[in-house]
Each structure stands twice: as structure tokens, then as C-alpha cells.
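Trainee: I would like to go through the labels attached to a model and check each against its criterion.
Mentor: Then put the questions one at a time.

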Amino acid sequence: MNWESWSDFWAMGGDGLYVWSAYLISIVLIALEVGVLVLTRLSIHEHLGRFSRIVGSGAKSRSPN
């Protein structure tokens with residue numbers, strides 16, 4: 001496609017609303033997915049840290065020393 005100006009580019013031959021809204025929705029959903037993954041990763045690390053502290057303290061109390 002060949003556009004004469006930036007306004008033609010943004011208008012996309014009259015389909016600009018659909019094209020740019022599709023990009024916007026995609027970017028928002030990708031950002032949301034990355035955010036959920038980061039929160040899930042932090043939660044898993046927190047649970048693993050708690051689990052290792054519990055297991056570590058249990059192993060110390062059971063040791064004969």
C-alpha cells in the first residue's frame with residue numbers, strides 16, 4: 001500500500017478504526033498476559049521460599065546435633 005500522508009496512513013483507507021483498535025486490543029491483551037505471568041512467577045517463588053524454610057527448619061529440629 002502507498003499512502004500520500006500520515007493521515008492517510010492512520011485512516012487506512014477508511015478501515016483505520018478497525019485496524020488500530022485491533023492493534024490496541026492485542027497490545028493490551030499481551031501486556032495483561034505478561035503481567036499475569038510475572039505475578040504467577042512471583043507467587044511460585046514465594047511459595048517455594050516458604051516451603052524451603054519449613055522443610056529447612058524441620059530438618060534442623062530432627063537432626064541429632
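Trainee: What should I know about the model before starting?
Mentor: This is a predicted model, where local features need pLDDT of at least 70, side-chain atom pairs count only at pLDDT 80 or more, and totals for chains, interfaces and linings use all residues. Residues are numbered from 1 along each chain as its sequence is written, and side-chain values use heavy atoms, with hydrogens and water left out.

Trainee: How many helices and strands does the protein chain have?
Mentor: There are 2 helices and 0 strands. Helices are DSSP runs of H or I with at least four residues, strands are runs of E with at least two, and both are numbered from the N terminus. Helix α2 covers residues 16–62, and α1 covers 6–11.

Trainee: Why is M12 called buried?
Mentor: Buried means under 20% relative accessible area, exposed means over 50%, and partly exposed lies in between (1.4 Å probe, protein chains only). M12 has 15% relative accessibility, so M12 counts as buried. Of the 65 residues of the protein chain, 5% count as buried.

Trainee: What makes the phi of M12 worth a remark?
Mentor: Most residues other than glycine have a negative phi. The phi of M12 is near 50°, a positive value in a residue other than glycine. M12 is found in the loop between α1 and α2.

Trainee: How many aromatic pairs does a search of the whole structure find?
Mentor: The search finds 7 aromatic pairs. One of them joins W3 and F9, at 5.0 Å centre to centre with 85° between the planes.

Trainee: Why is the pair of W3 and F9 called edge-to-face?
Mentor: Rings of Phe, Tyr and Trp (its six-membered ring) pair if their centres lie within 6.5 Å; planes under 30 degrees apart count as stacked, over 60 as edge-to-face and the rest as tilted. The W3 and F9 pair, with its 5.0 Å and 85°, is therefore edge-to-face. W3, W6, F9, W10, W20 and Y23 form one aromatic cluster.

Trainee: Which residues does W20 touch, not counting those up to four places away in sequence?
Mentor: W20 touches F9, W10 and M12, where contact means heavy atoms within 4.5 Å. W20 is placed in helix α2 and is partly exposed, with a relative accessible area of 25%. W20 and W10 are 10 residues apart in sequence and 8.1 Å apart in space, C-alpha to C-alpha.

Trainee: How do you know that R50 forms a salt bridge with E46?
Mentor: A salt bridge is a side-chain nitrogen of Lys or Arg within 4 Å of a carboxyl oxygen of Asp or Glu. The closest N and O atoms of R50 and E46 are 2.6 Å apart, so the pair qualifies. The structure holds 1 salt bridge. R50 and E46 are separated by about one helical turn because they are 4 residues apart in helix α2.

Trainee: Which residues make the nonpolar surface patch?
Mentor: I30, V34, V38, L39 and L42 make a patch of about 480 Å². V34 is partly exposed, with a relative accessible area of 46%.

Note on methods: Patch = residues over 30% accessible without salt bridge, like charges linked within 9 Å, V, L, I, M, F, W, Y side chains within 5 Å. Areas by Shrake-Rupley, 256 points an atom, 1.4 Å probe, with all protein chains shown as cover.
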